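Here are my notes on this model.

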Amino acid sequence: MKKMKSSNRDTVRVFGGWPLLIACIVIVAVLVVIGFVGENNIRRILIRMFLYCAMAVVWNLMSGYTGMTSLGQQAFVGIAGYSMAVMTSTYLASYWVGLLVGGAIGAVLALVLAVILFRMRGMYFAIATWVIAEALKTFFLSWKFVNQGGGLSVMGRPTDRTIIYMVALLICVAAIVTVYLLLNSKLGLGLTAMRDDPDAASSVGVNIFKSKLICFVVAGIFTALAGGWYFLNNVSIYPNSGFGNSWTVAVVFIVIIGGIGTMAGPIVGSVVYIMLSEILADYPGWSNIILGFIAILVILFLPDGIIGTLQKKLKFEILSQKRFSQE
Amino acid sequence: MSELILKVENVQAKYGDFLAVESASLEVPEGKIVSVIGANGAGKSTLMDTIAGVHKPSAGKIYFKGEDITGMPAEKIVTRGLSLVPQGSRCFIRMTVEDNLIMGSYPKHVRAKAKDSLERVYELFPVLKEKRNDLAGSLSGGQRQMVAVGRALMTNPECILFDEISLGLAPTVIKDIYARIRQINKEGMTVVLVEQDTNRAIRTGEFATVMLKGKTVLAGRSKELGEDEIKAAYFGL
Amino acid sequence: MQYLINGILLGGIYALLGVGMTMMFGIVKLTNLAHGEFIIMGAFASTMLAQWLGVDPIVTLIITVPLMFLIGVLLQTVLINRVMLQGSEPALLVTFGLSIIIQDALLLLFTADAQRANVAYNTATIPLFGNLYLPVLDLIVFAISLLTILVLTIFLRKTYMGRAIRATSDDTTAATLMGVSVKKTYAIAMGIAMATAAVAGLGVGMRWTFYPSSGGSYLLIAFGVVVIGGMGSIPGTLVAGLVFGLAQVIGGAQYGTLISYILLIIMLAVRPQGLFSK
């Protein structure tokens, strides 16, 4: 197994090291500049893109690398969105408190859910995550503290959009960096081994439970941070918007289009998704149908997504993990 | 020498990159019993799966009754009159014995004969008639093999391939099943018998083919080849 | 007592919701996330046809059942058989995509308005002893559900195709050796699952108001029934339907659904193979 990987690797050129780092810094710098001087509409679009990208990157970490296909990420979005609303409107705290409380509750929720979910595999896991999100939605619909189905408003939204933009960018970059570092750590090597052959990996001494838990919690935290920030920008939250499955739909779409199990896939996917959804915004009602068809066609004919297919065709890897090359 | 009902020419079969059968040839004369002998991993089962259409060959040709059946799917091949009793019986364990047998008459052209065939199978294996309403999963290993044989007979074949039918069974049970196979053969059925036990194979099969490491290395009349030569080929000496 | 009656009547339709799902699960080994939307498709089809033709919604089954069967066969042949070659995860995601497409297509066609298949016996009841009574509508839906499950069971037990479907679910390779085309069997299984969704949709449309977005909650009920009943087991589905129906009734309008969900999550964590399988 290991031999095969490393020999494969000789033929793959990797875009990494200093050139990659410089390219990334340049891109981030340009995005920061846009944050200060960009047109409002562009900034609005980019804020959405950053937040979706963060969620997609961590979903890919779960599904693409550890085989945990969650269809219930909206649980974290909704919980964090409501944390933001409750903190700012009920307790009149600042949105920073709202954001951090949301992230913390996201982490706790992930830990609790892991106890239940890690007993399941494959499709049971997928369905269970969905059921949990639905259960939360049902609960929030009848919970008086959060105004039941009537929703809550988020207070104290900063008047300057630049703050919202910069924090969204920060959440996105932090998610990418975290996932990149995770995948290039010893844990990342274990994850790849685990994905390829769970039984072999556990016999080699990879602590599956610990690796999965770290990924799940990381995904929970970043999904919550992005979700909380989204609802600060959005000003109000309802059970159906916070816990709606459109969050998962978007994230799954992004990762499939970009290429599941690739580092750059979700990033490219979120750019494509945001562009498509902006174009399709003029055709209300049709957008999900068209996105759905595109996703199904991609699964049928380009199962590796944009990045995965490019990598195979051009033998080129961007932002790759090191895999077994260091041994 | 009677006519060949089944002819396999230089068949090759792979699982991914793994070459399970490198080059196998087999000639089966109509109405005879042909033993295919070889050690574990010699490629016997893969060859049988390939002939029956469960596995696609990567090279070579397979003819049945003169028709080229290379690469034909299993569900078509069975309608031509060639049936495989797969290794480990593979009964439908959540179905009753009778339902298992009736599944054998699934091909449309044999459905009309289903009743008669069922009676014939029950005559051959009376114990199955007793247990007709039991789930196949509750049967003993030997009885499951009987179900598998009966099920194959229900497809009204002219030639049956038996893949290591004796595996894991008690000697008395093996003796019983082999007696039935000889009986079926006397009634006109061509039989291909995959065996690891050379002695039993030579005793039962008028013809023998030996496989070694994915290749057929020896073939002929069992008596003419002789026990020593067959054993030498078996071990690759 | 009335709770018990209502719970049992509810259980019948719940079992029917799960039956198509359990077939796909047990036979095709596919988790069909679009099953809820199939049911809502059936509900819309029956409701609309009944309105246009001015007949009792039950009559529309003559059209919706064969139609949905055909759609199912086509869907499996053209799309799902192919994706399944890539593994179970892509197949799962494709059914997820289908559910979104169907939901939004229904939304475009019929708007987000609440719908209901109206029947004359909407509020009629049959009084029993004491304060107990039988709601006619619920009783009819219960009877239709049970009848559908009965017909399906007989089909699976007594016909060649039914046996082939069961054989394929036990051992695909051995089934092909008996002359069974696995892809064709899968297509027919999907067709049957869709046909049961058509009947279930009728039941849903008669009993409850529904929206294009209702699919998800019915999917989860169906899935719960499948999990509690043990996947692929039709008798198990019946019992599980009753369990779910009772849970719903006892929980009442406000907490019934929540209780069902929690029950399902506990089941998934503790006994994913179902209550009734070994």
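**Notes on the B–C interface and a helix of chain C**

1. Across the interface of chain B and chain C, the rule finds four salt bridges (side-chain nitrogen of Lys or Arg within 4 Å of a carboxyl oxygen of Asp or Glu). One salt bridge joins the side chains of B:Arg94 and C:Asp170, at 2.7 Å from N to O.

2. Helices H2 (74-77) and H3 (97-103) of chain B are the elements giving two or more residues to the side that touches chain C. H3(B) gives the most, with three residues. Helices here are DSSP runs of H or I, at least four residues, numbered from the N terminus.

3. By class, this side of chain B has 14 nonpolar, three polar and seven charged residues. Ala, Val, Leu, Ile, Met, Phe, Trp, Tyr, Cys and Pro count as nonpolar; Asp, Glu, Lys and Arg as charged; the others, Gly among them, as polar.

4. The model is predicted: local features need pLDDT of at least 70, side-chain atom pairs count only at pLDDT 80 or more, and totals for chains, interfaces and linings use all residues. Residues are numbered from 1 along each chain as written, chains are lettered from A and ligands numbered from 1 in written order, and side-chain values use heavy atoms, without hydrogens or water.

5. In contact terms (heavy atoms within 4.5 Å), 24 residues of chain B meet 20 residues of chain C.
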